[in-house]
Amino acid sequence: MRPQIIDRSRDQEFMRLALALAGEGAAMGEVPVGAVLVQHGQVIGQGFNRPIADSDPSAHAEMVAIRAAAKSASNYRLPGSTLYVTLEPCSMCAGLIVHSRVMRVVYGALEPKAGIVQSQGQFFGQAFLNHRVMVEGGVLAEECGQILSDFFRARRAKV
């Protein structure tokens, strides 16, 4: 098996797109998390948190982006893809990432309460998994964290 060549040159560009999507979610009253799925340098799926709008607890940004990408690719497997997400994924999204065969996850801010990539465990390193995911955290972490802080600060001010 040949080693994968990872192109990190556009990581910030794609994370900025995810941040813009997070802003769209915030404008709708959703927790501002955005995600972009890229394959062969092209965006094939994108989304933001929408559990309130869709009355769907699984409608996390990662889930929305991966569902869109799978439809776009006409394939439930997304080999060679990179998922950019503004917040460290939770356990539900981490499972989806493995099952859809995403090659790489790039996230911005840590999620200390429910993040399963680094904060509450290293899910992708578990021996029982049949697919390995490469992970990079902290890309535009300050901006990714700030949009969440601003959102929750504004929400608390309304109460």
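This is a predicted model: local features need pLDDT of at least 70, side-chain atom pairs count only at pLDDT 80 or more; totals for chains, interfaces and linings use all residues.
**Salt bridges and sheet order**

Colleague: Which residue forms a salt bridge with arginine 153?
Modeller: The closest N and O atoms of the pair are 2.9 Å apart. Arginine 153 pairs with aspartate 150.

Colleague: How many salt bridges does the structure hold?
Modeller: Side chains of opposite charge can pair when their charged atoms come close. The cut-off here is a side-chain nitrogen of Lys or Arg within 4 Å of a carboxyl oxygen of Asp or Glu. The number of salt bridges in the structure is 8.

Colleague: How many residues apart in sequence are the parts tied together by glutamate 136 and arginine 8?
Modeller: The two form a salt bridge, with closest N and O atoms 2.5 Å apart. Glutamate 136 lies in strand β5 (residues 134–136), and arginine 8 in the segment before α1 (11–27), so the pair ties together parts whose separation in residues is 128.

Colleague: What is the relative accessible area of arginine 8?
Modeller: Its salt-bridge partner, glutamate 136, is partly exposed at 22%. Arginine 8 is partly exposed as well. Its relative accessible area is 47%.

Colleague: Which residues are linked with Arg8 in a network of salt bridges?
Modeller: The bridge from arginine 8 to glutamate 136 joins residues that both belong to this network. Besides Arg8, the network takes in Asp11, Arg104 and Glu136.

Colleague: Which helix holds the partner of arginine 16?
Modeller: Arginine 16 forms a salt bridge with glutamate 143, with closest N and O atoms 3.7 Å apart. The pair links distant parts of the chain, 127 residues apart. Arginine 16 is in helix α1, and glutamate 143 is in helix α5.

Colleague: How many residues of strand β1 are buried?
Modeller: In a regular strand the side chains alternate between the two faces of the sheet. Gly34, Val36 and Val38 point one way from β1, Ala35, Leu37 and Gln39 the other way, and all are buried. Of the 6 residues in β1, the number buried is 6.

Colleague: Which residue in the turn of the β1–β2 hairpin has a positive phi?
Modeller: β1 and β2 pair in the antiparallel sense over 6 bridges. The hairpin has 2 residues between the strands. With a phi of about 55 degrees, the turn residue is histidine 40.

Colleague: In β3, what is the bridge partner of valine 38?
Modeller: β1 and β3 (residues 81–87) pair in the antiparallel sense over 5 bridges. Leucine 37 stands opposite leucine 83 in β3. The bridge partner of valine 38 is threonine 82.

Colleague: Which are the edge strands of the sheet?
Modeller: The sheet is open, with 5 strands in the order β2-β1-β3-β4-β5 and mixed pairing. Each edge strand pairs on one side only. The edges are β2 and β5.

Colleague: At about what angle does α1 run to β1?
Modeller: α1 lies across β1, β2, β3, β4 (104–109) and β5. The angle is taken between N-to-C directions, on a scale from 0 to 180 degrees. For α1 against β1 the value is about 140 degrees.

Definitions and conventions. Residues are numbered from 1 along each chain as its sequence is written. Side-chain values use heavy atoms; hydrogens and water are left out. Helices (H or I, at least four residues) and strands (E, at least two) are DSSP runs, numbered from the N terminus. Buried means under 20% relative accessible area, exposed over 50%, partly exposed in between (1.4 Å probe, protein chains only). Two strands pair if DSSP finds at least two bridges between them. Contact means heavy atoms within 4.5 Å.
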